[in-house]
Amino acid sequence: MASSFRFLSTPPLPSSAPTKLSAATAPPQPDVAAERLEPRVEEREGYWVLKEKFREGINVQEKVKIQREPMKLYMESGIEELAKLPFEELDKVKDTKDDIDVRLKWLGLFHRRKHHYGRFMMRLKLPNGVTTSAQTRYLASVIRKYGKDGCADVTTRQNWQIRGIVLADVPDILKGLAEVGLTSLQSGMDNVRNPVGNPLAGIDPQEIVDTRPYTNLLSQYITGNSLGNPTITNLPRKWNVCVIGSHDLYEHPHINDLAYMPATKDGKFGFNLLVGGFFSPKRCAEAVPLDAWVSTEDMIPVCKAILEAYRDLGFRGNRQKTRMMWLIDELGIEGFRSEVVKRMPFKKLERASSEDLVQQQWERRDYIGLHPQKQEGVSFVGLHIPVGRVQADDMDELARIADEYGTGELRLTVEQNIIIPNVENRKLQALLEEPLLQEKFSPEPSILMKGLVACTGNQFCGQAIIETKQRALKVTEEVERHVAVTRPVRMHWTGCPNTCGQVQVADIGFMGCMARDENGKPCEGADVFLGGRIGSDSHLGDIYKKSVPCKDLVPLVVDILVKHFGAVPREREEGDE
């Protein structure tokens with residue numbers, strides 16, 4: 001499949017001056033027995049299945065996959081029959097209950113059993129976060145049908161999640177998605193997640209390379225042009241990929257399983273590769289260099305080779321030890337690289353280039369607000385979407401605005417915001433006067449609101465320990481009443497240790513937990529993280545204080561902002577309550 005995806009022409013060589021990479025000293029490589037390198041899966045009737053000899057000690061999810069191939073729900077129209085059956089009847093039989101709670105995630109459908117029984121969240125595939133007004137209107141029409149149960153969220157992977165869906169409607173929704181050029185296929189469980197790229201791709205005067213062709217190509221390969229690609233749907237765990245297009249590293253390469261870092265070699269444009277970055281409840285790890293460079297022509301073949309090495313050799317026991325970095329640790333980076341080379345066309349993979357195009361000393365730019373594009377006479381407008389939550393009417397208004405002021409295009413960002421590109425400068429003032437921008441999605445939010453990110457929380461997610469979105473807004477509003485902040489501070493909230501809210505990359509992070517109040521009674525709380533950094537000097541934050549009751553967070557955050565971020569306490573007017 002990989003060989004069928006080729007660029008018609010190589011993108012133009014970026015003009016950015018290259019900088020040299022300093023190669024890190026490779027750690028000692030572990031001794032790995034030859035039998036350990038035997039692939040653990042094999043192809044059977046078009047799907048990849050775990051061999052019987054490797055099934056001892058596997059986790060529950062692996063057993064569900066073995067019992068019935070999840071992709072058959074899509075590729076063999078199993079969803080059509082499943083959707084016809086009464087939901088309560090499906091829930092009575094273990095096999096169909098596993099369909100509801102596990103296998104439907106291969107179609108991007110997540111049953112909200114704990115807090116929203118009988119309702120599903122649907123996660124889409126939206127490479128590079130680029131979408132259209134027509135797609136946005138269709139998604140609005142889907143969630144509007146479900147009234148107060150229906151809403152949508154911008155995710156931390158430049159993606160949409162829509163909520164409130166009932167199983168009986170899924171076949172029609174999938175058809176509707178296809179008609180507007182969308183898919184939800186392979187967006188959950190042990191699959192490749194949405195390919196992330198530069199949200200300013202193609203419009204940024206200072207971009208290194210337009211990432212859209214590459215993220216689109218990745219998505220086409222990953223999903224088999226939205227028809228399904230079962231060669232990579234039985235991974236040991238989820239897998240994230242991004243393509244870097246800017247010096248700002250908006251794409252967060254250090255937390256992806258595979259990051260393509262632009263670099264030239266012998267005058268040719270391509271990518272150095274980082275591998276293994278991930279978050280989990282038990283471990284967080286930054287991506288490491290694979291010591292490999294690929295041309296644009298080998299972008300898909302190397303992705304395929306890395307995925308197949310992970311699929312073939314990855315551990316399938318304890319789910320906390322099944323991400324790709326655990327395999328890299330076991331084999332050593334050179335051992336892992338050699339397994340990738342075995343799966344490359346012609347069994348070759350060039351060593352990394354020393355000519356990295358990403359400037360190491362670069363102050364990350366703010367995309368919220370009005371900014372000129374590289375195209376003359378037009379600008380992009382970054383809108384702040386508070387904690388990423390939108391309703392059907394909001395989506396319709398966003399679509400109208402994109403049509404009326406731009407070219408019908410919208411872009412989602414990993415900070416849960418939305419960019420309207422291609423706005424003619426003569427229309428900017430009228431756009432700024434739109435009620436939606438004046439009242440809800442501001443291009444000029446406060447400093448703390450601008451950097452606020454929150455996962456779904458326990459309103460909908462059964463794994464979340466605390467409510468996040470509304471609490472994040474309320475805590476931030478209260479903190480702003482106590483202190484004035486003059487420089488950007490990114491605050492991320494996540495409801496549980498799965499850290500979908502990516503608290504470890506935030507300046508200040510809040511991870512939901514149970515705590516005890518002053519009377520020793522259990523209450524909702526948060527572990528507070530401090531010191532995460534993004535960009536060329538990326539660093540994962542560390543625990544600052546554990547198990548803080550949520551009601552005590554405001555004074556703690558105020559203290560942190562004053563001590564570590566130069567915030568100034570506001571002088572309350574006398575008599576102010």
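Guide: Helices are DSSP runs of H or I with at least four residues, strands are E runs of at least two, and both are numbered from the N terminus. Keep in mind that this is a predicted model. With that naming, Thr407 has its place in the loop between helix H12 (392-405) and strand S19 (409-412).

Visitor: Is Thr407 buried or exposed?

Guide: The cut-offs come first: buried is under 20% relative accessible area and exposed is over 50%. Thr407 has a relative accessible area of 54%, so Thr407 is exposed.

Visitor: Which residues is Thr407 in contact with, leaving aside its neighbours within four places in sequence?

Guide: Ala402, Pro421 and Asn422. There's a C-alpha separation to look at here too: Thr407 and Ile420 are 13 residues apart along the chain, and their C-alpha atoms are 8.8 Å apart.

Visitor: Let me step back to the whole chain. How many helices and strands does the chain have?

Guide: You'll count 17 helices and 27 strands. The C-alpha trace spans about 75 × 60 × 50 Å along its principal axes.

Visitor: What radius of gyration does the chain have, and what would a compact globule have?

Guide: A compact globule with 577 residues would be near 25 Å, and the chain has 24 Å, so the two agree. Burial is another way to read the chain: buried residues make up 60% of the 577. For contacts, take those between residues at least 6 apart in sequence; 69% of them join residues at least 24 apart.

Visitor: On to helices. Which residues of helix H7 are buried?

Guide: Here's the general idea: an α-helix has 3.6 residues a turn, so residues three or four places apart point the same way. In H7 (residues 170-179), the buried ones are Val170, Pro171, Ile173, Leu174, Gly176 and Leu177. Their cover includes helix H3 (78-84), helix H6 (133-144) and strands S4 (109-111), S5 (120-123) and S8 (160-165). After H7 comes Gly181, with a positive phi near 80 degrees.

Visitor: Since you bring up H8, at what angle do the axes of H8 and H9 cross?

Guide: Roughly 45 degrees, with the axes of H8 (residues 212-223) and H9 (residues 299-313) coming within 10 Å. That angle makes H8 oblique to H9. The crossing itself is right-handed. On the H8 side you'll find Tyr214, Leu217, Leu218 and Tyr221, which meet Met299, Ile300, Cys303, Lys304 and Leu307 of H9. Sorted by class, that contact has eight nonpolar residues, no polar ones and one charged.

Visitor: How do H9 and H11 pack?

Guide: Their axes are 8 Å apart, at an angle of about 115 degrees, and H11 covers residues 333-342. Angles from 65 to 115 count as roughly perpendicular, so H9 and H11 are roughly perpendicular to each other. H9 and H11 also make a right-handed crossing. From H9, Val302, Ala305, Ile306, Ala309 and Leu313 meet Phe336, Glu339 and Val340 in H11. By class, this contact comes to seven nonpolar residues, no polar ones and one charged.

Conventions:
Residues numbered from 1 in each chain as written. Predicted model: local features only at pLDDT ≥ 70, side-chain atom pairs only at ≥ 80, totals over all residues. Heavy atoms only, no water. Axes fitted to C-alpha atoms, helices over the stretch in contact; angles between N-to-C directions. Parallel < 35°, antiparallel > 145°, perpendicular 65-115°, else oblique. Left-handed = near helix turned anticlockwise from the far one by under 90°. Contact = heavy atoms within 4.5 Å. Nonpolar A, V, L, I, M, F, W, Y, C, P; charged D, E, K, R; others polar. Rg over C-alpha atoms; globule rule 2.2 N^0.38 Å. Buried < 20%, exposed > 50% of the residue type's maximum accessible area, 1.4 Å probe, protein only.
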